[in-house]
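Reader: I have a model open on my screen. Please show me how to read it.

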Amino acid sequence: METIGHWINGKLVAGTSGRFADVFNPATGDVQAQVALASTAEIDAAIADAAEAQVKWGATNPQRRARVMMEMVRLINRDMDKLAEKLSSEHGKTFPDAKGDIQRGLEVIEFCIGAPHLLKGEFTDSAGPGIDMYSLRQPLGVAAGITPFNFPAMIPLWKMGPALAAGNSFILKPSERDPSVPLMLAALFQEAGLPDGVLQVINGDKEAVDAILDNDTVQAIGFVGSTPIAQYIYARGCANGKRVQCFGGAKNHMIIMPDADLDQAADALVGAGFGAAGERCMAISVAVPVGDATADALIEKLIPRIERLKVGPWTAGDDVDYGPVVTAAAKANILKLVESGVEQGAKLVVDGRGFSLQGYEDGFFVGPHLFDHVTPDMDIYRKEIFGPVLSTVRAQSYEEALKLAMDHEYGNGTAIYTRDGDTARDFANRINVGMIGINVPIPVPLAYHTFGGWKKSVFGDLNQHGTDAFRFYTRTKTVTARWPSGMKEGAAFNFKAMD
Ligand code: NAD
């Protein structure tokens, strides 16, 4: 069986811990590889080497670092199909969706070509007599990223690109569920001209994460994953004096106003709720139609659309709508939550529980589910299901719908479907959620804006990508300079304004 190791100091190496995790083919349920789980000693050694490599990389001029990004864009495009095939085979998502995963990561690498501009400091000429003042943006040293299974290309690229372009070394600990694509990306970075040791991709589980959290050389950690782990990493990383940003789970609501185009809203809900088997932090998992007439009409439009969904393996071609979920444990958890919804009184109007795919009976496929009459006290409403399950909560007014979304503990993304500009504007202004769609179901900001939620969907105060990423991966140094011609005689004892 294939064993997957680490990318350390410019080459693939086998793990030495003797510990491994299974990597599945989610479509068949077979174990297709074993991934090495790094020990603390392996992590510490890789971080030490990264710190050494950073000294030269950090002093490389930003234009040259940007050229590595430029070449990386070309190489990812060259290898797009190869990367997407590997991604689909370990994650289970469809081939076009895997390409989308890579594409949205690639766009951040494109943005990083602008590093020289983004890293420019500020300058004040004659801040005082003969005095100039300027601020520099300098790399932190060694930064680290810990990433989830659901976007094995996009999120590692969101982390690696800005950190490296800003002159840091980077330690990536990808998800142990689908570890191959990050290793392929590391090899492409080397081909693009990144010096060895500047990027280390180390596979592992909690031991590796804790080793990163406790290593004094690591200056900053960017995490993406579930909220309980985000909270843990934020607390431990901050306690250890690091700069930490953690992006957590979600429960994204879509409000459907009575004036909305219900066909468009139903199409949007099906795509955003069931695409990638619901395993997206920006998936819509709650539909909130306003008024019973809207709800009845919407449900009537949703049922046939959901029943028509094609569920299958990525190898079955482009007309598959979504694939299996990532593991048997994920499947069991989703089905358990569906049972809880039935027991707690929600109406299951599309029941995917008996779903089975001929020839793939052992795969981790989950049929699509639609609930109506969900109430806020139910587990299917409170918890992130991360599967192909859409819950409908009926609201009697816009204010009630707004309050529902505002009271939920998560605040990653949300959307409203309406033709009314006033309502849409009010929604965007008042809702306490980070990313808002107006007649757009999955409002993922483009690379030059920033990505981040509110409430329990985020811990830390800077977003991912865009200008925030360059702030996160650099620190400011401010220099006040005066030359002898600007100096006065004698010592100054008072703290006074410059004049
Ligand atoms: P996860 O929290 O299980 O794992 C994320 C990372 O943390 C992995 O690298 C994993 O190895 C590590 N990890 C897991 N358990 C750990 C522990 N006990 N101690 C230390 N490290 C640990 O998340 P996942 O299942 O891989 O991903 C799905 C979750 O990620 C969902 O909740 C989803 O909403 C969230 N997500 C959020 C965003 C966002 O930007 N807000 C984006 C994508 C995914």
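Reader: Which residue takes a positive phi in the hairpin of E4 and E5?

Author: Start with the ground rules. This is a predicted model: local features need pLDDT of at least 70, side-chain atom pairs count only at pLDDT 80 or more, and totals for chains, interfaces and linings use all residues. Residues are numbered from 1 along each chain as its sequence is written, and side-chain values use heavy atoms, with hydrogens and water left out. Strands (E, at least two residues) and helices (H or I, at least four) are DSSP runs, numbered from the N terminus. Now your hairpin: Gly29 takes the positive phi, near 85 degrees. Four residues sit between the two strands.

Reader: In which sense do E4 and E5 pair?

Author: Two strands pair if DSSP finds at least two bridges between them. E4 (residues 20–25) and E5 pair in the antiparallel sense, over six bridges. Ala21 stands opposite Val35. Asn25 stands opposite Asp30.

Reader: How many bridges join E1 to E5?

Author: Three, and these strands run parallel. E1 covers residues 2–4, and E5 covers residues 30–36. Thr3 has Gln34 as its bridge partner in E5.

Reader: How many residues surround the ligand?

Author: A residue is near a molecule if one of its heavy atoms lies within 4 Å of it. Here 27 residues surround the ligand. The closest are Thr147, Lys173, Glu176, Ser226 and Glu384. Helix H8 (206–214), strand E11 (218–224) and helix H9 (227–239) each supply at least two residues of this shell.

Reader: Which polar atoms lie by the ligand's oxygen and nitrogen atoms?

Author: Look for N or O pairs within 3.5 Å. A polar side-chain atom of Glu384 is 2.6 Å from a ligand oxygen. A polar backbone atom of Gly248 is 2.8 Å from a ligand nitrogen. For Gly225, a polar backbone atom is 3.3 Å from a ligand oxygen.

Technical notes: A polar contact is a pair of N or O atoms within 3.5 Å; within protein, one must be able to donate a hydrogen and the other to accept it, and residues adjacent in sequence count only if both atoms are side-chain atoms.
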